[in-house]
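Q: I'd like to learn how to read a few features of a model like this one. Could we go through them together?

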Amino acid sequence: MKITNAKVIVCSPGRNFVTLKIETDEGIYGIGDATVNGRELAVASYLQDHLVPCLIGRDASQIEDIWQYFYKGAYWRRGPITMAAIAAVDVALWDIKAKAANMPLYQLLGGASRTHMLTYTHANGETIEETGDKVAAFKEQGWKAIRVQSAVPGLPVTYGVEKVGSLAQAEDKPRETLWDTPTYLRFLPKLLDHLRDRFGYELHLLHDVHHRLTPQEAAGLAKEVERHRLFWLEDAVPAENQESFRLIRQHSTTPLALGEVFNSIHDCRQLIQEQLIDYIRTTPLHAGGITHVRRIADLAGLYHIRTACHGAADMSPITMGAALHFDRWVPNFGIQEYAFHPDEAKNVFPHEWHLRDGYLYSGEKPGHGVDIDEKAAEKYPYRQAYLDVARLSDGTMWSW
Ligand code: CS2
Ligand code: MG
């Protein structure tokens with residue numbers, strides 16, 4: 001089966017998405033997501049200008065060789081742009097292979113290890129009480145696991161709380177936000193005290209620090225919130241320096257999650273082999289497609305680490321479809337994140353996966369079960385957008 005055409009579709013149904021559609025001489029096509037929030041056009045160009053010309057005429061069934069060709073064959077390898085572009089090719093080719101086999105994608109990976117996936121969503125409030133009310137509403141809808149973020153009093157904007165939250169802002173420059181670690185560290189335990197008093201301990205609660213602390217601060221926080229028995233504390237420290245997690249680990253048994261920004265197994269090898277984390281958050285988008293995340297998952301499995309694919313709304317419904325087929329198979333599955341796509345995006349990307357009672361279901365259609373309505377996509381042209389940046393009150397740049 002020969003690849004006859006590959007096109008890059010950039011659209012903005014509620015937010016920007018980059019999609020690769022690969023067509024074959026047998027009439028079967030597959031689609032993959034290449035969205036890197038705030039850097040969309042860089043991946044679109046990487047695909048269009050550098051990968052697509054090498055794809056035409058290739059045998060679509062050679063997923064592994066094509067992956068290696070674009071990974072090893074690039075002298076300048078790795079990095080979010082490269083790996084997202086490779087991921088889009090990889091996911092589209094798995095989609096084609098599964099459609100050609102007339103099987104849902106999880107069957108090609110080794111078949112189902114489970115019927116449905118435990119999933120968490122986000123409760124974000126301007127106040128502790130409002131966050132609690134949102135948790136109550138999700139609990140009522142059947143959710144078993146909820147990530148809780150609340151505005152930190154004294155900071156004008158808090159990550160994850162504003163309506164647009166982690167969505168990129170449609171502006172010509174990144175918005176500057178203010179960060180203050182001591183204020184945050186005094187506040188967070190109060191939020192968790194309130195939620196445990198109100199909901200007890202059965203409900204899984206998660207919290208995302210979003211890379212803001214030093215290892216010493218994170219170790220103190222992880223120790224202090226042991227009493228709240230979190231499902232996890234996420235991205236406590238920026239993880240370029242993987243060994244910094246040793247300090248947190250030595251001081252606390254709070255489960256740790258990390259890896260949404262990683263794009264290769266080498267970004268998490270030490271964290272996994274030293275058992276410094278409990279959940280690995282790499283997705284089939286930012287970490288090189290199904291072909292690469294399954295390698296990460298297999299390594300993690302050796303060390304009792306479970307998967308937890310990043311599921312923010314800034315990855316298209318295609319990535320959610322691919323992630324759910326991966327989740328359906330992966331033996332060491334932990335949890336899946338889901339943050340609700342804008343309605344316009346649901347129309348552009350018709351999909352079979354669905355939510356019921358706090359669980360996601362992959363669907364049974366051949367392929368990954370997600371399509372793109374190109375006519376609908378044309379109605380939503382790309383808009384320039386950036387993620388926020390953060391500074392301390394004296395102007396120092398900080399991790400956002
Ligand atoms: C987040 C994301 O979902 C998460 O855990 O950390 O919202 C993240 O901020 C965005 O994906 C950035 O694009
Ligand atoms: Mg996160």
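Q: Which side chain does the side chain of Thr291 join in a polar contact of 2.5 Å?
A: A polar contact is a pair of N or O atoms within 3.5 Å; within protein, one must be able to donate a hydrogen and the other to accept it, and residues adjacent in sequence count only if both atoms are side-chain atoms. Here the partner is Asp90. Thr291 also makes a side-chain polar contact with Trp94, at 3.1 Å. This is a predicted model: local features need pLDDT of at least 70, side-chain atom pairs count only at pLDDT 80 or more, and totals for chains, interfaces and linings use all residues. Side-chain values use heavy atoms, leaving out hydrogens and water, residues are numbered from 1 along each chain as its sequence is written, and chains are lettered from A and ligands numbered from 1 in the order in which they are written.

Q: Is Thr291 buried or exposed?
A: Buried means under 20% relative accessible area, exposed over 50%, partly exposed in between (1.4 Å probe, protein chains only). Thr291 counts as buried because its relative accessibility is 3%.

Q: Which protein donors does the magnesium ion (ligand 2) have?
A: Donors are N, O and S atoms within 2.8 Å of the metal (3.2 Å for Na, K and Ca); water is not among the atoms, so sites may look incomplete. For this ion they are Asp208 (OD), Glu234 (OE) and Glu260 (OE), at 2.0 to 2.2 Å. Along the chain, their spacing reads D-x25-E-x25-E. Asp208 and Glu260 are both buried.
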